[in-house]
Amino acid sequence: MTFKRFVEIGRVALVNYGKEYGQLVVIVDIVDQNRALVDAPDMIRSQINFKRLSLTDIKIDIPRSPKKKTLIAAMEEADVKNKWEKSSWGRKLIVQQRRASLNDFDRFKVMLAKIKRGGVIKQELAKLKKESAA
Amino acid sequence: MAPKKVRTGPRNPDLVPGIKKYSRSKMYHKRGLWAIKAKHGGKLPTHEPKQAAAQPDSAVPEKAPKFYPADDVKKTRAKPKKNNPTKLRGSITPGTVLILLAGRFMGKRVVFLKQLPSGLLLVTGPFKVNGVPLKRVNQAYVIGTSTKVDISSIDVSKFEDKYFMKEKTKKTKKTEGEFFKSDEEEKSIVPQHKKDDQKTIDTALMKAIEVVPELKAYLSARFSLRDGMKPHQLVF
C-alpha cells in the first residue's frame, strides 16, 4: 500500500494529455504544489501540471535544473530509452503504435496469420486431448 | 558567406486583415531597393525611352477618332470556362487498391487503372478474383488504400467514356397482343469484345498481383468494419 513512484528531480514521466502526448520527460524542478518544470532532449523546457504526467519507475541522477547537455548525458548514462523500451509498459505502447499504423492490407495479413496460428493451436490441443483420452 | 535561407511566407505579413507588419520605409529596406539603386548608380534601372520615328512634314496629321466610348475603362471579358476532370485525390494513383463504398460491389477491393476524361475512375476487380468487371466509379464513393499494384506494363489507352455508353436500341412498336405479354427475359448479354478486353487486362494484372504474397486473397475478400474499428483513426 506504500507509494513506490515519487515526484522528485530526475523522475522520468510520460505525458498523458496535451500537445506532447506520449512523450517521455524528466522532472527537472518543482514549481509549486501542482506544477513541475519538465525537460526532454528534443523539447523546450517547460512547466506542466502533475495531472498531465504519469510517473514511471525510471529515475535518473541529476542536479536541480541541469543544463541541457548534463541532462542528455545523464539520460544516456542511465540508458533511459532502452530501459523504457524493455519495460512492459513501454513494450505495450510500442505494440499499440504499431497496430495503429497498420494499413488495410497489413490488417488483412494479420487476420490470416491469426487464423493460421489458431489452427495450429487447435491441432495441438486435439492431439493432446486424444492422448489424454486414450 | 552565410548559407542562403529559403524564405517561408510573405515578406510583409498581415498582423490583422488590412494591417501589415512593416511600414513603407521598412519595406523599402527589406526589398533591397537601396542595394538595387546602389548597383545602378543611385537610380532604379529603367528601360531606354523609345525614340519616336521622325515625321516627314508632308505627312497627314492624325485624324480625330469618330467615336469615344462613354467609359474610359476597358470592359473585362469573362474567360471561357474550361471543364477539367475532377481533381484526383493524392492517395489515388494508377495501380492503387481502392475500396468501393456503394453499389453492388460495396466493400470490394479493386484495382484502379486510370481516370477517364469525365472524371470517373476506371477500375477492375480483376474479374476472376472478385467479380468486379472493367467499370467506372466515382471518386467520392471510394477509399484509396496505400497498397499499390504495379500496372506500368498494362495498356489502358483504348478505354474512354464512350466504351461504357449504352447501345442505342430501336424501340419497336408493340402490337396489342404483345403489350399484355409479360416482358420476356431481356437479359443484356455482355458483348464478346468486352469479355475479351476484360481478359487481356486481367491476365496482365494477375501477373503483377501474384508476385505479392496474399494480395490475391486480399482482393477477393470484402472490407467491413468490425468491433473496435474507428474509421477516422484507421490508416488505409
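This is a predicted model: local features need pLDDT of at least 70, side-chain atom pairs count only at pLDDT 80 or more; totals for chains, interfaces and linings use all residues.
Local features need pLDDT of at least 70 and side-chain atom pairs pLDDT 80 or more, whereas totals for chains, interfaces and linings use all residues. Residues are numbered from 1 along each chain as its sequence is written, chains are lettered from A in the order in which they are written, and side-chain values use heavy atoms, without hydrogens and water.

Chain B contacts chain A (heavy atoms within 4.5 Å) through 17 residues, which meet 10 residues of chain A. The buried area (accessible area lost on being put together, 1.4 Å probe, summed over both parts) is about 1,000 Å². Carbon and sulfur atoms give 59% of this area. Glu214(B), Tyr218(B) and Val235(B) supply 48% of the area that chain B buries against chain A, more than any other three residues.

The interface holds 1 salt bridge (side-chain nitrogen of Lys or Arg within 4 Å of a carboxyl oxygen of Asp or Glu). Asp104(A) and Arg109(B) form a salt bridge through their side chains, at 3.0 Å from N to O.

Leu219(B) touches Arg109(B), Pro126(B) and Ile209(B), among others, not counting residues up to four places away in sequence.

Definitions and conventions: Buried area is the accessible area (1.4 Å probe) that two parts lose on being put together, summed over both.
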